[in-house]
Amino acid sequence: NLSGNQNIFDLRVVGGSVEFDHIIDPVIAQTSASVSIDMQPLGNNTFLVARINASSSNLTHNMLSFSTIFANGTAKQGPFFLYTAAGNISAVSAATINSTHFYVAWYDFFIQDELRAIYSMNGTQLRAPTTIDAANLQFYDTCLAVYSNRTGFGWVDSGEGDFDAVWVPNNSTTTAFVGETAINAAMVPTTNRTNIADCMAINSTAAAFVHVNYTGTDNIRYSIRNFAGTAITSEGGLNNALDLNVGTTGSVGVTTLDGNKFAVAWYDGTDQDISMRILWKNATNVSSNIDVNTTAGTGNSIDIATVSNISGFGVGTQNIVVVWYGQASGDIMGATFDTWGNRLANDFVIETSPNSSTLYDEISVIGINPTTNQSLCTDTFAVAYTNSTGSTVFKTYFVNGSTWDGNGCAWRGAVVDTSNPVAEMGTNLADNANRSNSSVTFDLRGYDNALSALALYGNWTGSWIANQT
């Protein structure tokens, strides 16, 4: 039993020779609930999980740990315990810098401070936890946006009532390139244990920062910032908000697409629904507000991710998955869209009645990291959440909502295509034309998202038969 922590072991064979094709370390059960959880894709069949557990004692006080996990559910490495006292009201974010290192940021409830550090995938600390702020009080959230050679680190500071960020190098130094900058100086947060702020790099020069603004009408705001922290697009007034009144229980998430777009999904506590809007990197609209789900109830946990796409399913090289806790149904739900906002799969159930107390209902979903290009298998994504028995679990899916076993990258889901195929004749003979040629070539064309064959029928002898196809 390797216990998920050992990479080297001794194996002795006596009295013969044996060929070992595969050795599997038994699955490590994530037996505790997660106060906060975040994931990052590492490759076709592996992902990283950073979480703060919900078990507390005089010694542990809600430990921050990370693990690397195979998509089929077996452990690869970890858990590695990074911090032993984050508190029961806390938050964590993770973002890969490259294939070997990642940033982790969290909020410590005991010292009421935000911290960030860099680790290798084998648990080696490359940058010790550092902070730039203090006295953040009780309402919190964190996010990380990796550009190329630096990362934007955002945090909610309820002590000052704002949403702040710094821009730091992706190495072991501790000096920030850009010091504390207010994304929004009057956010006035009022909600815990949910996503009230998020950020993600669009490309190597720009990132989207989004949050719920609780001043006046509770609305969804966004700002585009370059890697020096300068606003490419500032938040502006209410006329620049994505939603003008989401209530005090609103939550929000962001993902980026194809290096030139970003998508924002949010829970609207006033209308009790899930909405999404897709925008270009210059903040002009790709879509208007899209109704993802109109019967979410009073649940307020949501996340959004980008999924690598194959040619022929959806439009563009990437698709979108939105997951949420639907209090009205009591289920964790999901839905998928292409990069223009066209729905690919109707709402599907990820977990029925996952957590009756809804005390720890934070959700995380991943597919591809568009900036580092690390991705799970094409057309797949993974979801993490706390279930009804108080365990943290992971599930994997295809973009059409069918389950993926996490083994291999072959497409196993049925393509859902609701559009009619188009067949047309190109440049051909004129009507009633007479030719004495022994053969005639017709220009037949077909268009569809999933067209496999097209047949031309002719009536040469009194009945219709398929000609060459």
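Me: Is phenylalanine 262 buried or exposed?
Reply: This is a predicted model, in which local features need pLDDT of at least 70 and side-chain atom pairs count only at pLDDT 80 or more, while totals for chains, interfaces and linings use all residues. Residues are numbered from 1 along each chain as its sequence is written, and side-chain values use heavy atoms, with hydrogens and water left out. A residue is called buried under 20% relative accessible area, exposed over 50% and partly exposed in between, using a 1.4 Å probe and protein chains only. Phenylalanine 262 has a relative accessibility of 0% and therefore counts as buried.

Me: Which residues are in contact with phenylalanine 262, leaving aside its neighbours within four places in sequence?
Reply: Contact here means heavy atoms within 4.5 Å. With the neighbours within four places left aside, the residues in contact with phenylalanine 262 are Ile202, Ala208, Tyr222, Ile224, Val254, Thr255, Thr256, Arg277, Ile278, Leu279, Trp280 and Lys281.

Me: How far apart in sequence are the parts that the pair of tyrosine 222 and phenylalanine 262 ties together?
Reply: Rings of Phe, Tyr and Trp (its six-membered ring) pair if their centres lie within 6.5 Å, with planes under 30 degrees apart counted as stacked, over 60 as edge-to-face and the rest as tilted, and by this rule there are 16 aromatic pairs. Tyrosine 222 and phenylalanine 262 form a tilted one, with 5.9 Å from centre to centre and 55° between the planes. Because tyrosine 222 lies in strand β15 and phenylalanine 262 in strand β18, the pair ties together parts whose separation in sequence is 40 residues.

Me: Why is the ring pair of phenylalanine 348 and tyrosine 397 called tilted?
Reply: The two ring centres are 5.9 Å apart and the planes stand at 40°, so the pair is tilted. Phenylalanine 348 is in strand β24 (residues 343-352) and tyrosine 397 in strand β29 (residues 392-398), 49 residues apart, and the pair links these distant parts of the chain. Both residues are buried, and the plane angle that makes the pair tilted is 40°.

Me: At what distance from the ring centre of tryptophan 340 does lysine 261 lie?
Reply: A charge sits over a ring if NZ of Lys or CZ of Arg is within 6 Å of the ring centre and within 35 degrees of the ring normal. Lysine 261 lies over the face of tryptophan 340, and its distance from the ring centre is 4.8 Å.

Me: How far apart in space are glutamine 318 and threonine 378, C-alpha to C-alpha?
Reply: Glutamine 318 lies in strand β22 (residues 318-326) and counts as buried, at 9% relative accessibility. Not counting residues up to four places away in sequence, glutamine 318 touches several residues, including Thr256, Asn309, Thr339 and Pro370. Threonine 378 is 60 residues away from glutamine 318 in sequence, and the C-alpha to C-alpha distance is 9.3 Å.

Me: What is the average twist from one strand to the next in the open sheet β5-β6-β7-β8?
Reply: Two strands pair if DSSP finds at least two bridges between them, and in this sheet of four strands the pairing is antiparallel. The edge strands β5 (91-96) and β8 (125-130) each pair on one side only. Axes are lines fitted to C-alpha atoms, and angles run from 0 to 180 degrees between N-to-C directions; the twist averages 10°.

Me: Which residue in β11 is the bridge partner of threonine 151?
Reply: Strand β10 (residues 150-157) and β11 run antiparallel and are joined by eight bridges. In β11, the bridge partner of threonine 151 is valine 168.

Methods:
Helices (H or I, at least four residues) and strands (E, at least two) are DSSP runs, numbered from the N terminus.
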